[in-house]
Amino acid sequence: MEKQELPACPVETTLTLISDKWKVLILRDLLPGTKRFGELKKSLGHVSQKVLTSQLRQMEENGLLTRTVYPEVPPHVEYELTDLGYSLKPILDAMSTWGQNYKDNYNR
């Protein structure tokens, strides 16, 4: 697959990689460690299998996570953040702090 051309602006580049709601929540759910597809689907709630699969593939292509398939019946697939994926932790932490502050002070 050909690499996509990234925007000149670093903020826009970051948004290009994680702008989808599900991608941010996938990152959040993988920060504590490896999860199977079913665990991710359950923790995310209302995401469809098709959308989750698509988001995970895009994140794998962008180097944010790895997908490991174990040759078992039924297949056992695990997802884990790469070092690049883990490097987004401060951004997610800041989003969490900001969101909590907003809920505490402005959502009345």
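The following legends describe close-up views of a predicted model.

As a predicted model, this structure is described with local features only where pLDDT is at least 70 and with side-chain atom pairs only at pLDDT 80 or more, while totals for chains, interfaces and linings use all residues. Residues are numbered from 1 along each chain as its sequence is written, and side-chain values use heavy atoms, with hydrogens and water left out.

**View 1. Overall arrangement of the chain.** The chain holds six helices and three strands, where helices (H or I, at least four residues) and strands (E, at least two) are DSSP runs numbered from the N terminus. Along the sequence these elements follow the pattern α-α-β-α-α-β-β-α-α, and the C-alpha trace spans about 50 × 35 × 25 Å along its principal axes. Of the 108 residues, 27% count as buried, the term buried standing for under 20% relative accessible area, exposed for over 50%, and partly exposed for values in between, with a 1.4 Å probe and protein chains only. Among contacts between residues at least 6 apart in sequence, 47% join residues at least 24 apart, a contact being heavy atoms within 4.5 Å.

**View 2. Helix H2 and its surroundings.** Helix H2 (residues 21-30) is largely enclosed by the rest of the structure, because seven of its 10 residues are buried. These buried residues are Trp22, Lys23, Val24, Ile26, Leu27, Asp29 and Leu30. At the start of H2, a side-chain oxygen of Asp20 comes to within 2.7 Å of the backbone nitrogen of Trp22.

**View 3. The salt bridge between Arg28 and Asp29.** A salt bridge is taken as a side-chain nitrogen of Lys or Arg within 4 Å of a carboxyl oxygen of Asp or Glu, and by this rule the count comes to two. One of them joins the side chains of Arg28 and Asp29, with an N to O distance of 2.8 Å. Arg28 is partly exposed at 41% relative accessibility, whereas Asp29 is buried, with a relative accessible area of 9%.

**View 4. The salt bridge between Asp93 and Lys89 in helix H6.** The closest N and O atoms of the salt bridge between Asp93 and Lys89 are 2.7 Å apart. Because Asp93 and Lys89 are four residues apart in helix H6 (residues 89-105), they are separated by about one helical turn. Asp93 is partly exposed, with a relative accessible area of 35%, and Lys89 is partly exposed as well, with a relative accessible area of 38%.

**View 5. Packing of H2 against H3.** The axes of H2 and helix H3 (residues 37-44) come within 10 Å and cross at roughly 115°; axes are lines fitted to C-alpha atoms, for helices over the stretch in contact, and angles run from 0 to 180 degrees between N-to-C directions. H2 passes H3 in a right-handed crossing, a term for the near helix being turned clockwise from the far one by less than a right angle, with anticlockwise giving a left-handed crossing. From H2, the residues Trp22, Leu25, Ile26, Arg28, Asp29 and Leu30 meet Leu40, Ser43 and Leu44 of H3. By class, this contact of H2 with H3 has six nonpolar, one polar and two charged residues, where Ala, Val, Leu, Ile, Met, Phe, Trp, Tyr, Cys and Pro count as nonpolar, Asp, Glu, Lys and Arg as charged, and the others, Gly among them, as polar.

**View 6. Packing of H3 against H4.** H3 and helix H4 (residues 49-61) pack at an angle of about 115°, with their axes 11 Å apart, and H3 passes H4 in a right-handed crossing. The contact is formed by Phe37, Leu40, Lys41 and Leu44 of H3 together with Gln49, Leu52, Thr53 and Leu56 of H4. In the contact of H3 with H4, five residues are nonpolar, two are polar and one is charged.

View 7. Thr82 lies in the loop between strand S3 (76-81) and helix H5 (83-86), and at 18% relative accessibility Thr82 counts as buried. Apart from its neighbours within four places in sequence, Thr82 is in contact with Gly63, Leu64, Leu65 and Thr66. Pro74 is found in the loop between strand S2 (65-70) and S3, and the peptide bond from Val73 to Pro74 is cis, with omega near -5°.

Terms used
A polar contact is a pair of N or O atoms within 3.5 Å; within protein, one must be able to donate a hydrogen and the other to accept it, and residues adjacent in sequence count only if both atoms are side-chain atoms.
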